[in-house]
Protein chains: 4
Amino acid sequence: MKDLLDAIVENNRHWTQYGNVATYIPELSKGNAHALGVYVYDVDGNEYSSGDYDVKFTIQSVSKIVSFMCALMDNNFEKLCTKISVAPTHDGFNSIVNLETKNSHKPLNPMINSGAIATISMVKGDTPEDKFNRILDFMKKITNNPNININHDVYHSEKNTGDRNRALAYFMKSTRIIGDDVEWILDVYFKLCSMEVTCKDIAYIGALLANDGVLPFNGERVTTKDICKIVKAVMTTCGMYDGSGEFAVSVGVPAKSGVGGGIVAVVPKKMGIGVVGPALDKKGNSIGGIQILKDLSNRLDLSIF
Amino acid sequence: MKDLLDAIVENNRHWTQYGNVATYIPELSKGNAHALGVYVYDVDGNEYSSGDYDVKFTIQSVSKIVSFMCALMDNNFEKLCTKISVAPTHDGFNSIVNLETKNSHKPLNPMINSGAIATISMVKGDTPEDKFNRILDFMKKITNNPNININHDVYHSEKNTGDRNRALAYFMKSTRIIGDDVEWILDVYFKLCSMEVTCKDIAYIGALLANDGVLPFNGERVTTKDICKIVKAVMTTCGMYDGSGEFAVSVGVPAKSGVGGGIVAVVPKKMGIGVVGPALDKKGNSIGGIQILKDLSNRLDLSIF
Amino acid sequence: MKDLLDAIVENNRHWTQYGNVATYIPELSKGNAHALGVYVYDVDGNEYSSGDYDVKFTIQSVSKIVSFMCALMDNNFEKLCTKISVAPTHDGFNSIVNLETKNSHKPLNPMINSGAIATISMVKGDTPEDKFNRILDFMKKITNNPNININHDVYHSEKNTGDRNRALAYFMKSTRIIGDDVEWILDVYFKLCSMEVTCKDIAYIGALLANDGVLPFNGERVTTKDICKIVKAVMTTCGMYDGSGEFAVSVGVPAKSGVGGGIVAVVPKKMGIGVVGPALDKKGNSIGGIQILKDLSNRLDLSIF
Amino acid sequence: MKDLLDAIVENNRHWTQYGNVATYIPELSKGNAHALGVYVYDVDGNEYSSGDYDVKFTIQSVSKIVSFMCALMDNNFEKLCTKISVAPTHDGFNSIVNLETKNSHKPLNPMINSGAIATISMVKGDTPEDKFNRILDFMKKITNNPNININHDVYHSEKNTGDRNRALAYFMKSTRIIGDDVEWILDVYFKLCSMEVTCKDIAYIGALLANDGVLPFNGERVTTKDICKIVKAVMTTCGMYDGSGEFAVSVGVPAKSGVGGGIVAVVPKKMGIGVVGPALDKKGNSIGGIQILKDLSNRLDLSIF
């Protein structure tokens with residue numbers, strides 16, 4: 001496995017030159033465009049890694065699955081669906097069009113920005129600190145990493161330039177999808193996006209989902225099998241933004257990407273895979289990361305289809 | 001003329017029952033749904049009125065033409081066009097879709113909410129107070145009414161519930177149509193919408209435009225003929241929101257409506273007409289006010305076509 | 001006047017190099033990109049011309065106002081409005097989006113392709129020949145030109161490549177805007193677009209509208225003043241496609257353009273103006289023709305605003 | 001298994017009263033709204049059925065996966081992708097909007113009408129008969145049913161009322177997605193939709209996909225594992241139209257529905273399931289059929305997530 005990972009990382013490193021580091025959040029543009037790494041954590045607790053697996057990056061949209069898990073635990077699926085649909089979309093991750101044109105005015109799914117903001121509003125917590133800590137604590141627990149924290153430079157950069165997200169949030173307030181305090185819900189959102197992680201951390205999240213809610217490293221059940229199924233289904237249809245359809249064809253496993261360059265992939269009953277590669281394709285997905293997952297899926301026959 | 005106005009108001013008063021007072025700003029819902037009045041001010045200084053011509057209402061979107069005049073005086077048309085188009089639209093007055101889908105990301109025209117917010121950002125003034133006073137002073141001058149002021153209840157109601165406008169403004173900030181301080185540009189916008197006026201005041205604005213920039217009551221030129229032509233052209237194609245096409249057919253003069261129930265109409269070279277009727281049709285235009293203007297246009301052959 | 005026209009044509013001839021002859025109908029691409037001409041016909045019967053005023057071109061969308069007049073005479077405005085709106089639009093002339101997204105599924109206005117096809121379906125005539133001759137005969141009468149006929153090469157070219165128009169027509173059939181025989185309605189549409197005219201012919205159409213329905217050359221009333229007002233109103237808000245707003249500002253008169261390079265402008269109570277210049281801007285309007293109209297409007301103060 | 005199927009069908013039969021038989025194709029409205037049946041065919045060749053499993057219905061959009069398989073065999077995935085995307089969409093199955101608004105002008109995926117028409121244009125065959133027989137023969141082979149044929153009443157009904165599909169096809173011709181003969185491609189499309197099948201037939205199609213391209217009843221490989229993976233991936237993200245996201249959550253297997261009331265579901269490595277229930281929900285999916293699949297998935301833990 002280790003040899004396979006090494007070979008795949010090396011074979012795909014050239015891809016990094018065809019992508020671009022996200023620049024719309026100024027601080028993100030400092031990411032290392034040439035980094036490429038992978039971490040595999042299987043449900044039996046075995047761990048394998050290769051390349052720049054220990055480079056730190058901000059989790060960005062990969063955090064949307066953690067928020068979604070928390071929201072599902074704090075509510076239930078039916079209640080969540082009164083505020084957020086689970087419909088895949090061909091529009092981009094920060095699109096606002098459908099909030100106006102769809103009769104429900106609901107965000108299409110929890111994996112795009114509007115949906116993630118609405119998701120956070122449904123997580124338990126009376127103050128921004130409570131809400132953020134609710135999710136951060138869960139994050140620390142499932143990654144077995146008590147040191148996860150936010151990158152303050154990225155957080156401030158996100159906050160200062162997050163006007164598109166503000167537009168999404170105020171629009172949803174105007175249609176009563178989210179409640180009163182837009183700014184503090186956004187603050188939690190920006191903080192969650194700014195959590196600093198490695199491939200290992202997100203591989204652990206993937207392994208939890210692969211293992212149907214039981215932590216592989218200690219056998220503790222932290223969420224239900226049903227919630228894990230919902231999350232994996234939504235990742236499959238919506239997790240790679242408007243590239244979700246292509247990814248299902250070429251890789252064939254539930255996954256979620258972030259503009260920090262991370263992607264978490266889940267192979268049900270088998271493993272979580274974390275990859276990092278800050279050079280992105282035009283849809284905002286790690287260009288090298290997708291190639292690694294494609295090769296891994298082919299070589300190990302990981303596709304669920 | 002007075003008899004004609006009296007007859008027209010009476011004949012159309014029954015229309016008020018088919019419309020609804022705007023409710024999306026809670027304070028507006030207190031408007032008198034049955035009020036209906038008209039005021040005519042011609043370029044020779046003659047004045048005629050009928051019905052509830054002295055009822056006070058908030059100017060709302062009629063203020064957009066005053067802001068637009070100020071922005072044209074403080075910049076020039078070409079410069080303004082780098083931020084705002086002058087394209088009529090079939091979408092509603094608070095639509096956000098085109099800010100995303102049009103390649104320019106510019107608001108389509110200065111008569112819809114997004115465009116008016118961008119317009120205000122182009123008016124002179126380093127502070128919100130400066131900007132607001134720049135427009136308010138101009139307003140007082142052209143209406144010959146030093147007592148115009150804002151209705152504080154409506155202003156606070158607009159401000160508290162203006163989330164759709166916030167969404168528009170933050171979206172435009174994210175695409176660099178407007179600059180830094182969204183909240184204070186919005187504050188000016190809400191204040192301008194909350195100015196309390198009567199039919200007479202808006203008829204005076206109309207008469208200034210009809211008279212190509214010269215105040216009928218004292219012969220003072222306050223703006224250029226070219227600016228008045230631009231404003232009247234934009235009112236004709238965009239002033240009645242997505243009802244602009246129908247209004248051009250049925251009335252045939254430049255006009256601008258507001259959800260407070262006011263409409264100002266301009267008969268070039270002849271007169272300004274202010275009507276009020278807070279009961280609105282589905283497009284947000286005064287249902288009785290449009291009927292009055294239709295009858296007046298037919299009886300006096302006012303159409304410019 | 002003749003001197004003025006000569007000067008304006010010469011001053012603007014260089015614009016023709018910045019535009020492009022329409023190519024989406026192959027036969028149109030043979031048009032002379034450098035031609036530029038103008039013809040003025042006033043309501044007193046005076047005629048002036050300059051430049052390539054006698055070059056022949058296909059009328060294309062300028063025919064939409066002739067079809068619209070016929071449909072208004074054969075029905076009435078209210079009846080026509082059950083099938084076609086009169087709403088200006090920011091979308092392009094061949095857009096299909098709104099047929100799906102608007103609840104009414106009606107074409108937005110009679111000046112865009114979808115609306116013109118629906119307009120033709122409302123003109124009297126039980127066979128395609130009847131319908132086409134109804135409009136052609138009216139056309140011959142109002143241009144005082146019995147020799148108007150279709151350019152068969154362009155007609156066949158339009159018919160062979162008119163798939164976008166077919167899509168519009170079949171969509172409207174599916175929503176019951178138009179009735180059974182899509183192909184023959186389209187055949188009439190393609191024929192009407194292929195009528196060969198000169199500036200003089202379209203100036204005559206403009207003069208009829210300027211003169212409120214009475215032919216200047218013989219005093220015959222051929223349609224009502226009300227119909228002329230409707231047509232001029234719709235031309236003002238919708239006649240120059242998504243350039244209608246800008247044109248209202250810069251020229252300020254009702255007008256209709258065609259991709260053959262013609263534009264007819266109407267100065268109410270005064271004159272019809274026909275211009276030709278097959279080099280088009282990106283919105284499909286004659287780039288030199290618009291400049292001629294802009295200069296003429298400025299020099300003679302023609303704007304209706 | 002038989003007992004389980006019987007129980008599930010009976011428990012869900014009441015759902016049929018909440019849906020409606022498709023009426024947009026007149027002939028379809030004659031479908032039996034109360035029918036409900038299921039057929040399971042596993043990769044080991046075992047067969048189970050319950051309810052109205054032998055009722056005949058027209059295959060409608062379930063045929064899209066058969067066309068897609070043929071197109072993948074006759075081309076390759078990359079070539080197919082030059083004409084059709086594999087992007088899930090939140091728009092309805094007959095939406096035309098994206099053909100205009102997406103820069104590629106490609107249909108979003110092969111499971112919606114526009115995409116299926118483009119798919120058929122890529123299947124081998126120089127005449128409509130060749131193309132139709134290419135697909136029909138494959139259909140007969142994989143269902144082991146040489147008697148499959150079209151329902152002529154439905155076919156004529158589709159053809160007479162298929163104007164929305166004509167609009168899609170002509171639009172795609174105008175953007176060069178499909179080639180010359182729109183009417184005969186549509187003819188093949190209407191014929192394919194009109195093939196008469198039972199639950200058993202579509203269960204066989206599902207079992208082939210579950211078995212990665214090998215027919216369970218005779219061990220013959222009829223297509224590649226890769227093609228089966230592509231088809232299952234696209235079914236998962238796009239197969240239930242704009243209900244695909246919800247279905248992935250609640251059932252969790254690749255599936256394709258048709259407005260005739262059939263749904264085929266694929267449980268990879270395990271079985272194909274065919275259900276029928278002509279009463280449809282608002283998205284055009286069998287309302288009872290979805291409930292059966294939901295219960296089966298829960299009871300047998302079939303979800304791939």
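Modeller: Helix 8 of chain C and helix 8 of chain D are roughly antiparallel to each other (angles under 35 degrees count as roughly parallel, over 145 as roughly antiparallel, 65 to 115 as roughly perpendicular and the rest as oblique). Helices (H or I, at least four residues) and strands (E, at least two) are DSSP runs numbered from the N terminus. This is a predicted model, in which local features need pLDDT of at least 70 and side-chain atom pairs count only at pLDDT 80 or more, while totals for chains, interfaces and linings use all residues. Residues are numbered from 1 along each chain as its sequence is written, and chains are lettered from A and ligands numbered from 1 in the order in which they are written.

Biologist: At what angle do the axes of helix 8 of chain C and helix 8 of chain D cross?

Modeller: Two packed helices are described by the angle between their axes and the distance between the axes. For residues 163–174 of chains C and D, the axes cross at roughly 165° and come within 7 Å. Axes are lines fitted to C-alpha atoms, for helices over the stretch in contact, with angles from 0 to 180 degrees between N-to-C directions. The crossing of helix 8 of chain C past helix 8 of chain D is left-handed (the near helix is turned anticlockwise from the far one by less than a right angle; clockwise is right-handed).

Biologist: Which residues in helix 8 of chain C meet helix 8 of chain D?

Modeller: Contact requires C-beta atoms, placed from the backbone, within 7 Å. Among those from chain C are C:Arg164, C:Ala167, C:Tyr170 and C:Phe171, and the chain D residues include D:Arg164, D:Ala167, D:Tyr170 and D:Phe171.

Biologist: How far apart are the axes of helix 6 and helix 9 of chain A?

Modeller: They are 9 Å apart, and helix 6 (residues 128–143) packs on helix 9 (residues 182–193) at about 30°. That makes helix 6 of chain A roughly parallel to helix 9 of chain A. Their crossing is right-handed.

Biologist: What rotation superposes chain A on chain B?

Modeller: Two copies of a chain are related by a rotation about an axis and a shift along it. Here the rotation is 180°, with 0.0 Å of shift along its axis and an RMSD of 0.0 Å (least squares on C-alpha atoms of residues with pLDDT of at least 70 in both). That is the relation of a two-fold axis. In chain A, the C-alpha of A:Ala167 is the nearest to the axis, at 2.0 Å. The copies meet through the same surface, because 100% of the interface residues of chain A are also interface residues in chain B.

Biologist: How many residues does the contact take from chain D and from chain A?

Modeller: It takes 28 residues from chain D and 29 residues from chain A. On the chain D side, helix 11 (225–238) and helix 12 (244–250) each supply at least two residues. Helix 11 of chain D gives the largest share of that side, 8 residues. The side of chain D that touches chain A divides into 14 nonpolar, 10 polar and 4 charged residues.

Note on methods. Contact = placed C-beta atoms within 7 Å. Nonpolar A, V, L, I, M, F, W, Y, C, P; charged D, E, K, R; others polar.
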